[in-house]
Amino acid sequence: MERLKNEKVFPITLRAPFCTFTFFHEMPLLKDSSLVRGSVAMTLLHNARNRFLFLVLSFIFWFSNFIYIPILSPYLETIGGDYTFIGMVLGSYGLMQFLFRLPFGILSDLIKVRKPFIIFGMVVSTLSCVTFAWADSLGWILLARSLAGIAAATWVAFTILFSSYFSERDLHRAMGSISLAVVLAQLLGMVVSGYIVDQWGWQAPFWMGGIIGLIGIVLSLFIYESNEDFPKEPIQLKELVSVMVEPALLKVSFLSILAHGIIFTTMFGFTPTFALKLGLQTDEISMVIFSFMIPHAIATMLSGKLFVPLFGQWKLLKLAFALTAIFTACTPLAETKGLLFLIQGLNGFSLGILFPLFLGMAVETISLEKRATAMGAYQAIYAIGMFAGPFIAGILISHLGISSGFYFAGSLGLTALFFMIVWSHLERKATKHNLKLN
């Protein structure tokens, strides 16, 4: 009976026609249920801490990159830059991402680490802000913005490491969470930008970005990365190359080129300049940012949870691009502050639907060990829009006036809509052809 009290012993009873046999079999000691619950609670707490720290770091990363964005093009005007040069500076940010994002993604997959790239990104982002603050010529300004582009190229490692904290079924939720952190960082950074300039001068946003970047460097040393997500077998380079020609990835990347061309030509480019020409003061730029970024943040939160189940991914993309094309082209028609705020709010909401949707669609069909390459390819390709959009718009504005830049950006939305309609037609045609063959 003493052995029965030991949890290692398990009684087994066999019943035969004329007798019953009972014997005892030793079993492994089971954990107490309270210990199991405690272990699960600790795991959940650990995961929550990892996610929270990572979201804070992501917020800091983009805050330091965006705190000076609204005042950048007006600042360049004050130090003698023409619209062509302003377009070149704005475009250099995207060009560096186009050049570096894919190599960073491939290298991250090959050496099976993400964290060192994140630390590197924070260091270069901080260096960019400090270079802006010290810059005394247009050449140094161009270098500083190029450094910001190199830092942003490491975002591929951020998104892939953060997604590893979630299960596959929660991938869109993960992308929605980190997209929200980005949008909030952009919102807060851009909102305070004009006020900081009004209080302490043009250089102040750059210094503040550098100080906050230093905090981010320290936090980046404490983020969690597990090697368990990677396969034991080495990944072949040719396997990674095959990821980059995935048809679904290329389609999403092309559409993202156009979407980024729109937002980097407008809100992250020439919208603040247009607002100042309309009569707003530097400290009123924050109202333009609020009117765009708050609806943008709301749409980012609702995109995956509400709109995708309601419309489906591709129908939602068509609707959002159609709306943003209209609102972007209408921006130069605004003759009052109120109308400008309204148009920016509607456009911010339309664009906010797109970006988290792109993030999930870019990697949802790609195996985990190749996702940094897929994300690197996606982010490198859409960076074309980040430098080509403002660069072409800058040239147009120099010759045709500031309205032409917004008409150009609106045409990018119509181009995206056109291609999606063509793709849908070709897919329906191919489906009918396959049905006939079967």
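Colleague: Phe158 first. Buried or exposed?
Modeller: Buried. This is a predicted model, and in it Phe158 has 0% relative accessibility.

Colleague: Which ring does Phe158 pair with, edge-to-face?
Modeller: With Phe54. The ring centres are 5.9 Å apart and the planes stand at 70°, so the pair counts as edge-to-face. The cut-off for that label is over 60 degrees.

Colleague: And where do Phe54 and Phe158 lie?
Modeller: Phe54 is in helix α1, residues 33-66, and Phe158 is in helix α6, residues 155-163. The pair therefore ties together parts that are 104 residues apart in sequence.

Colleague: Is Phe54 buried or exposed?
Modeller: Buried, with a relative accessible area of 0%.

Colleague: What about Phe418 and Phe419, how do their rings sit?
Modeller: They form an edge-to-face pair. Centre to centre it is 5.6 Å, with 80° between the planes. Phe418 is exposed, at 52% relative accessibility. Phe419 is partly exposed, at 30%.

Colleague: How many aromatic pairs does the structure hold?
Modeller: 36.

Colleague: Which residues do ring pairs link into a cluster with Phe54?
Modeller: Phe61, Trp62, Phe66, Tyr93, Trp155, Phe158, Phe162, Tyr165, Phe264 and Phe268.

Colleague: Back to Tyr93. What sits over its ring?
Modeller: The charged end of Arg145. That end is 3.9 Å from the centre of the Tyr93 ring.

Colleague: Change of topic: the surface. Which residues form a nonpolar patch there?
Modeller: Met287, Phe290, Ile294, Ile298, Met301, Leu302 and Leu306. Together they have about 550 Å² of accessible area.

Colleague: Take Ile294. Which helix is it in?
Modeller: Helix α11, which runs over residues 285-311.

Colleague: And how does Ile294 count for accessibility?
Modeller: As partly exposed, because its relative accessibility is 36%. That class lies between 20% and 50%.

Colleague: Last one, Ser424. Where does it lie?
Modeller: In helix α15, residues 402-437.

Colleague: Why does Ser424 count as buried?
Modeller: Because its relative accessibility is 17%, and buried means under 20%.

Colleague: What does the Ser424 side chain make a polar contact with?
Modeller: The side chain of Lys318, at 2.9 Å. So, to recap that residue: Ser424 is buried at 17%, and its side chain has a polar contact with Lys318.

Conventions. Residues numbered from 1 in each chain as written. Heavy atoms only, no water. Helix = DSSP H or I, 4+ residues; strand = E, 2+ residues; numbered from the N terminus. Buried < 20%, exposed > 50% of the residue type's maximum accessible area, 1.4 Å probe, protein only. Polar contact = N/O pair within 3.5 Å; in protein donor to acceptor, adjacent residues only side chain to side chain. Phe/Tyr/Trp six-rings, centres within 6.5 Å; stacked < 30°, edge-to-face > 60°. Lys NZ or Arg CZ within 6 Å of the ring centre and 35° of its normal. Patch = residues over 30% accessible without salt bridge, like charges linked within 9 Å, V, L, I, M, F, W, Y side chains within 5 Å. Areas by Shrake-Rupley, 256 points an atom, 1.4 Å probe, with all protein chains shown as cover. Salt bridge = Lys/Arg side-chain N within 4 Å of Asp/Glu carboxyl O.
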